[in-house]
Amino acid sequence: MIRDITLGQYYEADSLIHKLDPRVKLAFTLIYIISLYVGHSFYCYLFAALFLAGVIALSRVPVHFMLRGLRSIVVILVISALFNIFLVDGEVLVRFWKLRITKEGLVTAAYMVVRLILLILGSTVMTLTTTPNDLTDGLEKSLSFLKIFRFPVHDLAMMMSIALRFIPILVEEVNKIMKAQMARGADFDGGSLIKKAKAMVPMLIPLFVSSFRRANDLALAMEARCYHGGEGRTKMYPLKYQTHDYLAYLVLLVYLACMILVSKVL
Amino acid sequence: MSIKVDHVSYVYDPDQKVRRYAIQDVSLEIRKGEFVSIIGHTGSGKSTLVQFLNGLLKPTEGHVYFDGRDIFEKDFSLKLLRQKVGIVFQYPDHQLFESDVLKDVMFGPKNMGQSPKEAEANARAALKVMAMDESTFEKSPFELSGGQKRRVAIAGILAMNPDYLILDEPTAGLDPEGRDEILELIRTLNWSQRIAVILVSHSMEDVAEYANRILVMNDGRIIMDDTPKNVFRSYQELEKIGLSAPQVTYVAHELKKKGFPIDEDIMTVEEAKKEILRILTHDS
């Protein structure tokens, strides 16, 4: 179950997209999401999908790896599609019992599903081609202008990278705890919802206890190395824009302009 | 009455083209009442192997039989198996969760369907066996010392009255005193209640003193399965895979080289003392 979540899972490959500055990829994700809301026509979505397909091809990440991320949103897709199909008013195509399907409903549902899929895929490209550490670095740098408002950008970025770092550790810990409790006859996958929730207690308490202990140890280790927040802290590998980063920004702007054009003209 | 592992292999990720074996073609049989020790360095597959014995892991190939029945057959109750074959994992923190020690130890028996009264009686008995003082029964398990936590964790398994007790590195991180205490208690269990003990360890000293059979693991295979004396006699082979015989065995070998008529097979300090005294009194 945990393995299915592609969001936040880095896929190692040697590609142009991997080499891009994380700030470019953050901008890409943001602009791509905005572009999906620019127009609502068949051609708009086709253009957006083609652009994304190009990026995915450049990234050299296997397509099935990308699609795996969609599994977790299947339920949302189905629900939003159903709601649109049955609840949108318009020209009635089929009618049975109290339900009716309209032409407008079908169209809206299809657009909705396509847009959601593109949205998830677009952000999955970023998380698959950027290591979590680069991502937080990029976020920290991109948001550093917020510092004038006394917003603790560095602290948040640090918290985020620590949280990301802990995910695999905690997953392993959950595994070990579950085994230890199963050896004592605990049953994690049977019974009603309430029973299942109750069965989680013997797993959650040791998990919390050990998380607190780990957090404590980490804080001590950081303090022992004189960590005192972001003030005056330098980076071993500072982020620097290269030529291909500027080119990527250009491509991005051209894409957005084209998208607006397509939505107006076609 | 035995647990039998028959040509078992375990592959980490079966989808991968290059198969990485954690366990490769291992067969063994453990009978009731034995004190077996599994040694091997980190990553040799010992912790993986013991998880087959009560069905926590399913081998990729091969079978595991409990009293002659395949434990992964559909109608075989894994819950019942886990009552008969208990595993105590390395870190007690992974299993202690209740508000007090007694309740925590009752968790296992209750899962086995015992009434609260029965469970409490079994829990109290198990805690007594593990030499826990009655004053600690009402304490939170998180207030205990490392050695006490470990003993409560073992009691949590013992309270289910298993026939086989598997201990994964039960002495890791304990001071010498706590270590001896726990190993003594385990030995008593093995003697007085005829519970088979399977001790996973990398400390030769522990293994030499307590086990009557040693399985040496390397790279997912069992490379020796013999009495401690025979295993340590081939200490050169042990060294090849990064293990070693107990320190006193080396001392005995050195003394023998220097011309003392000493028995090289000694494994414990106690034996060494007796042997050296014997030679000294014999000489004079």
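User: How many nonpolar, polar and charged residues are in the lining of the second largest pocket?

Analyst: The lining has 16 nonpolar, eleven polar and 13 charged residues. Here Ala, Val, Leu, Ile, Met, Phe, Trp, Tyr, Cys and Pro count as nonpolar, Asp, Glu, Lys and Arg as charged, and the others, Gly among them, as polar. Heads-up: this is a predicted model, where local features need pLDDT of at least 70 and side-chain atom pairs pLDDT 80 or more, while totals for chains, interfaces and linings use all residues. Residues are numbered from 1 along each chain as its sequence is written, chains are lettered from A in the order written, and side-chain values use heavy atoms, with hydrogens and water left out.

User: Why is the second largest pocket said to lie between domain 1 and domain 2 of chain A?

Analyst: Both domain 1 (1–130 + 239–266) and domain 2 (136–235) give residues to its lining, so it sits between them. Those bounds come from an automatic or database domain assignment.

User: Which element gives the largest share of that lining?

Analyst: That's H8(A), with seven residues.

User: What makes Arg69(B) partly exposed?

Analyst: Its relative accessibility is 38%. Buried means under 20% and exposed over 50%, with partly exposed in between (1.4 Å probe, protein chains only). So 38% falls in the middle class.

User: Which residues does Arg69(B) touch?

Analyst: Leaving out residues up to four places away in sequence, Arg69(B) touches Val64(B), Asp75(B) and Phe76(B); contact means heavy atoms within 4.5 Å. The C-alpha atoms of Arg69(B) and Lys4(B), 65 residues apart along the chain, are 9.4 Å from each other.

Technical notes. Helices (H or I, at least four residues) and strands (E, at least two) are DSSP runs, numbered from the N terminus.
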